[in-house]
Amino acid sequence: MVTRLSAQLPPEVAVALLDTDARSLPAGTATTLQLGRAQTRGMGTGGEAALGLASAESEEAALRRLFAGIPVVVLVTGLGGGTGSGAASVVAGLAAECGATVLSFATMPFSHEGERRMRQANDATVKLGQKCHGLVVVHNDLLLQQVSPDAPLSESFAAADNWVGGALRGLASAFAPGALIAVDPAALRSLLSTPGSPTLFAFGVGQGDGAAMKAARAACDCPLAHAPGAVAKVASLFVTVAGGSAMTSTEAFEAVAAIRARFGGETSTVLCARIEPTLGNRIEVSVLGASLPAPKAPAKPKKGAKAEDPAQPIFEFATEESMRRGLFGGTPMTFIDGQDVDVPAYIRKAVRLPPAP
Amino acid sequence: MTSKPLPSLIAVIDVGTHKTASLLGQIIDGKARMLSFSERRTDGVVKGTVTDLEKLTQCVHEVVNDIERGSGRAVEQVYLSLSGPAAEGERVKGFVAVPAHDGKITAKDVSDAIQSAKRLEPPEGRATILYMRQPTMLDNRPVTNPVGMAGKRLEVNFWRVTMEEGNMRMRVGMVNGMSIKVRDFILASHAAACATASDADKQGVLVIDIGAGTTDWILYYKEHILCAGSIPVGGEHLTNDLSVALRISRETAEDLKLRFGSAMHRENDVNQTIWKDGDKGVGDQQFNRGTITQVLSLRYQETIEFVRKDVLRRLEAIFPGHAVKLDQNMIPSGVILTGGSASLADAAEAVQLVMGLSARVGIPNFENESLRKPEYAGVVGLMTAAITDAPPPVRRPRGFLAQIKELFRL
């Protein structure tokens, strides 16, 4: 996925591929770093998160070198398997220690991938959430809802690529020189200054007449923003509008107004607009938002659990628990036929719901 | 224990995920006359599993106090319902090979076969809660009473329900805490069936009791319990799905489920806009009714599908190698739906669709009109089952009795 994405990114963005499996690190396209050479001998983790974790820890020095002097690190990872689930939080933690603002995109496995992967992914989102400044969780189940039931599997994965790719392009272009309305990485940093607050992400594309509004509307309808439990309104927004040379500032502002009407952004809205001649008559809108952390329910002391050090606050994202399990968040998962049945049936069955009136 | 004659006063407690209900009845000529009834919101149970024993105990004590106060009588012993996946059931068998020279079955042969069935130890760490009689087979033919009949091989079968010992002790202790004994446990699905299915129905009927946290089912065939099971999904999941899909609170979701919900999703639901409060005032919200029925019907039908698969799985375990089909031949009386979520609109239609069997909502047969609702099938049925199942058809082996006595000791 990262290999495919790197081709779409502006040259200012450095791409690094991290994996334990030597075969998935092609030479030439990007910086590669093989994790856990000693632990896995380039064979991958076989789904063991503990092995993924150890592999990442063993490359601490190399990872620190990689992140040195980089202001913004976007970590794209697939959770559920061993490498992503184990290594992601370590990598994010190191990047943050090196002074970068870390934004993570994590894909969750399909419900049908079974209990083990789902549990592993759940655990990983919690750990990852504590390490990075922003976390966007992409549910593979939601991707399925977007394509017709008989579409090939590759199509739903392509949709995932599109969203995450769009997000990366949007972010990257915001900091690249030559923007109509430019921002600097510090803006992103201040937006995501409260680690642990739920992160909103949406992306939309429009084409032809009224492309900006179309793109804004598409972003408002973006399934990522409609994920169950995802934040509905946020305090701060970071909106990037990119379009061909025909895009006017009026158009751009209209789009931003539509986004604000939908997602909020009362406290602050950072706008970035840039002309990207290659887009032609297309306009892309990407939205990143953060609100203050959701008030945490008073934790019930669990039997036998160690008392947490009150001096070390643990940030909690709107992760898997509240995102999909709703009222059952916090209760043990219940599996039937390898699916967590506390997750709404319509999500697991990937049924698209009728639109709101 | 249960070998004692039936008392004239029977108290039953149905502990559900959502509600705890208790009924006190006076037994006159084998029929119960209601003396008092109480129900309260259950605290401390999630998805049919006890999460806060203290809260639950308090809740049980409250309902017992209620029925005592309501009737002016003291409760000394109660029947407790048993539901959810914690109560696991399986078939146990006992054999006797009848000596060839006489070939007539004696009462001793029957009791030997019963003993051999009950000698089978439950899995480590689990206690046997109850045995329910299944058809007796003589040379592979079902017989009602084999004594005096000629045959070579006598087989007795029981549906044995076991529970993790700690869990059982906890439930008993909950009631013992107020100096009340547990007289017996009754399977909640069996209770629901006793309240809603006739003897004729029990020739072949599947009773599905959809509670808030679990869906319990029981299958009767030729008047006997063939098998029973439980799915850890219930009405709360319907509410949860709706609350996630519409981003609304549990209370609003519950309210919309009752007012606009359905177990069937129809094309023209999509064109209906409904209002949360109906006054279109400040804070009122509008929703697409199609979303509500879509979300609920998917969950409802999936839950019934889980039941269908569970029934087939258990039947295959009992009759290995046989292709078992759930059809009108095997289950002529179809499905009876009970429990709170049996009242969801179009529930019977959805069950019919998934099961391929006729289905109806079961109204408990009881003198008191206020309890003639599917949600009370459990508590009413506990009373019915307590009366009809006593005295138990089978004596319990001594080992079991001693074990239970110890557990029930005050």
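Q: Helices (H or I, at least four residues) and strands (E, at least two) are DSSP runs, numbered from the N terminus. How many helices and strands does that give in chain A, and how many in chain B?
A: Chain A has 13 helices and eleven strands, and chain B has ten helices and 18 strands. Keep in mind that this is a predicted model, where local features need pLDDT of at least 70 and side-chain atom pairs count only at pLDDT 80 or more, while totals for chains, interfaces and linings use all residues. Residues are numbered from 1 along each chain as its sequence is written, and chains are lettered from A and ligands numbered from 1 in the order in which they are written.

Q: What makes a residue of β4(A) buried or exposed, and how many residues of β4(A) are buried?
A: Count the other C-beta atoms (placed from the backbone) within 10 Å of its own: 20 or more is buried, 12 or fewer is exposed, and in between is partly exposed. In strand β4 (residues 101-108) of chain A, eight of the eight residues are buried, so the rest of the structure largely encloses this strand. Both faces are covered: Thr101(A), Leu103(A), Phe105(A) and Thr107(A) point one way, Val102(A), Ser104(A), Ala106(A) and Met108(A) point the other way, and all are buried.

Q: How do you know which strands pair with β4(A)?
A: You look for at least two DSSP bridges between two strands. Strand β3 (residues 72-78) of chain A has seven bridges to β4(A), in the parallel sense, with Val73(A) opposite Val102(A). Strand β5 (residues 134-139) of chain A is joined to β4(A) by six bridges and also runs parallel; here Gly134(A) is the bridge partner of Leu103(A).

Q: What is the handedness of the crossover from β4(A) to β5(A), and what makes a crossover right-handed?
A: The chain goes from β4(A) through helix α6 (residues 115-131) of chain A to β5(A), and this β-α-β crossover is right-handed. The word means that, with the strands pointing away from you, the path from the first strand over the helix to the second runs clockwise.

Q: Why are α5(A) and α6(A) called roughly parallel?
A: Their axes, lines fitted to C-alpha atoms over the stretch in contact, with angles running from 0 to 180 degrees between N-to-C directions, cross at roughly 0 degrees and come within 9 Å. Angles under 35 degrees count as roughly parallel, over 145 as roughly antiparallel, 65 to 115 as roughly perpendicular and the rest as oblique, so these two helices are roughly parallel to each other. Among the residues making the contact are Ala88(A) and Ala92(A) of α5(A) and Ala121(A) and Leu128(A) of α6(A). By class, the contact has six nonpolar, five polar and two charged residues. Here Ala, Val, Leu, Ile, Met, Phe, Trp, Tyr, Cys and Pro are nonpolar, Asp, Glu, Lys and Arg charged, and the others, Gly among them, polar.

Q: How many residues of chain A are in contact with chain B, and how do the residues of that side of chain A divide?
A: With contact meaning C-beta atoms, placed from the backbone, within 7 Å, 20 residues of chain A touch 24 residues of chain B. That side of chain A divides into 15 nonpolar, four polar and one charged.

Q: What makes Asp29(B) count as exposed, and where is the place of Asp29(B)?
A: Asp29(B) has 5 C-beta neighbours inside 10 Å, so it falls in the exposed class. Asp29(B) sits in the loop between β2 (19-28) and β3 (31-41) of chain B. Its phi is near 55 degrees, a positive value in a residue other than glycine.

Q: Why is Glu223(B) called partly exposed?
A: Glu223(B) has 14 other C-beta atoms within 10 Å, which means partly exposed. Glu223(B) also has a positive phi, near 70 degrees, and lies in the loop between β13 (215-221) and β14 (224-231) of chain B.

Technical notes:
Two residues are in contact if their C-beta atoms, placed from the backbone, lie within 7 Å.
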